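Please open the model in your viewer and have the selection panel ready. We will take it stop by stop.

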Amino acid sequence: MSDPHPKLPADRRDFLLKLGAGAGVAALTAQGAASLRSLVPNVSYDSPTTVKLGPPADFPDGIKFLPDERLFVFRQGNTFHAVSAVCTHLGCTVRAEALANAQTTDVGGGELRLTHRFLCPCHGSEYKGDGTNVSGPAPKPLAWYRLSFAPDDGQLVVDLADEVATDFRLTLG
Amino acid sequence: MSLRAPTRRSEPDAPGVRPQMLWSLRPRSDREAGDAIASNFLFHAFPAKVSKASMAWNYSFWLGTISAALFFLLILSGLPLLFLYVPSVERAYQSVKDIEFVITFGSWIRAVHRIAAHGMVIVVFLHLVRVFLTGAYKNGAGRGQHREWNWVLGVVMLLVTLFLSFTGYLLPWDQLAFWAVTVGTNIASSIPAIGPTVRELLIGGRTIEQATLIRFYVLHVVILPLGLGVLFAYHMWRVRKDGGLARAERDTLLERPAETPVVATKTYTLLGVARGQAPVIRAQALEAPETTVNAVPDLTRRAAIATLGTFAVIGILSVFIASPLEEPANALVTPNPAKAPWYFLWLQEIVTDTTIRIGSFTVNGAFVGGVVLPGLLIGLLTVWPWLDRSPAAATGVWMARTRGRQNTVFLLVVLGILILTFIGMAMRGPYWYLYWPWEAWPDIPARI
């Protein structure tokens, strides 16, 4: 008597073999993925982006560098603004260098007295006193961050997650 | 033939079982020489016979062996350091300082580890230059040769070596370490779209902290050395598969260029059965007595000289050259100038010079010089064996005339990298300004 389905047992074996191999591969992949996923942090323990910087009286007229926040805070009379000290090229901290002759220019619709320029020690980027990149590899200007006064004690507060345009000024009083 | 069964024995043995437990390093016959290879675990990676030409000091300069010796020395000198170093941001710096100044022989062990690492970068690079200039990634007469894949492996191993160095020099958690990680991971971050995610994965968060240190530590002491060890084993296995060093091809080609013998073959498969599919290397050159010698003692002696010589040179240098340790890592102050270690200075140069501005459109040099250009360079290097159309006669020949143009271009690229490295080392001062090497740097105005 001839078998009407001569290939059936082989097919079934073949199918089960592939099923088994596939299940094995899938299991290994999933376990490998789980192991790798464990390396992706779920919680950030970074320092907060909103930081109290101290009472406005602590900021003299001109420039003050805050190393912890990597931030320059400028005061001109009663107005404040803050410029990041993080180089836009590869993230080194730029240094402020006093200019021999301060110049006053129009920045974002308001007059600013530029007393410094910023230089990066890592790859030689140079920025003007308002953060504009002028030479070196820096692709864009230094960031400006939002300043405000703390509602409870009136301290100056910076929000390092909130970049603002160069017309931003915080006025006291 | 190393695997031929012994023909005469005083007592019968099971196949593959050697009569003696010990072997001779001074064999009195070919058979003893073969036995030394076959019954010694370490020597078993060697062939029984090697071509004289491929052992010449002035062909390979034994750079591959020296690289392997340095890798071995790095593992050896890394073991005591593993017991002494603490991978924590609070204690890493102090523990390295203790290794340097408190622990008996600590500074010597650290110097051995550091100088061997620098040496390995140099020697692995020179090895690559040698292989390129001799066209040693080319296939010669043997069927089933795939030397081009061993070249690819070699390029990967150079990258792993560099990454090992990168992960190693940041472990002391000093200023060099901190700013190298800052710049290095920001280069990754400059890749469009996926960059910031890649950086976050590398440093285990958004700021360089404990998570970063432990990641680089595990890479440095486990994953990368293990990977390099596996790659090294595969690299050696492929050398055997491909019929030895490319230099040996010369003998084959010179002797019987037209002949393709059917019988005189040598197979490296375990069973030696499936001859049709297994890589089969023509072996008449390997068997010719005037071109070959027994691996024991000729090859083993030279390998021992290269290895022990490397150990001696590094061990003695380490007595005299102290390892630097910069100030503790300080996220608040970037050193001025902030220089990468010498072997990354050419990269620091190109990320400095490659920011592209087209109108208002700007591409960060971090991406162009840090990702695109090195990527292209490595990509080109990787596929070069497939682009090289020179004849098989140029295999394993120093500066073959038929490969003159590509050797010139290659050497110009190498020269360019060396020049950029020199500029970075000797001609960059504060704020990365250019100075002549003999020029004094100005006093930097006090920072605010």
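The tour below goes from a sheet to a helix pair and then to a chain contact.

This is a predicted model, in which local features need pLDDT of at least 70 and side-chain atom pairs count only at pLDDT 80 or more, while totals for chains, interfaces and linings use all residues. Residues are numbered from 1 along each chain as its sequence is written, and chains are lettered from A and ligands numbered from 1 in the order in which they are written.

**Stop one: the sheet.** In chain A, select the open sheet of four strands, ordered β5-β6-β7-β8 with antiparallel pairing. Strands (E, at least two residues) and helices (H or I, at least four) are DSSP runs, numbered from the N terminus, and two strands pair if DSSP finds at least two bridges between them. At the edges sit β5 (95-107) and β8 (133-135) of chain A, each pairing on one side only. Now zoom in on A:Tyr127, which stands opposite A:Asn133 in β8(A).

**Stop two: two helices.** Move to chain B and select α3 (residues 63-84) with α5 (residues 106-133): they pack at about 155 degrees, axes 8 Å apart. That makes α3(B) roughly antiparallel to α5(B) (angles over 145 degrees, between N-to-C directions on a scale from 0 to 180, with axes fitted to C-alpha atoms over the stretch in contact).

**Stop three: where the chains meet.** Show both chains: 34 residues of chain B are in contact with 26 residues of chain A (C-beta atoms, placed from the backbone, within 7 Å). Highlight α7(B), which gives the largest share of chain B's side, five residues.

Note on methods: Parallel < 35°, antiparallel > 145°, perpendicular 65-115°, else oblique. Contact = placed C-beta atoms within 7 Å.
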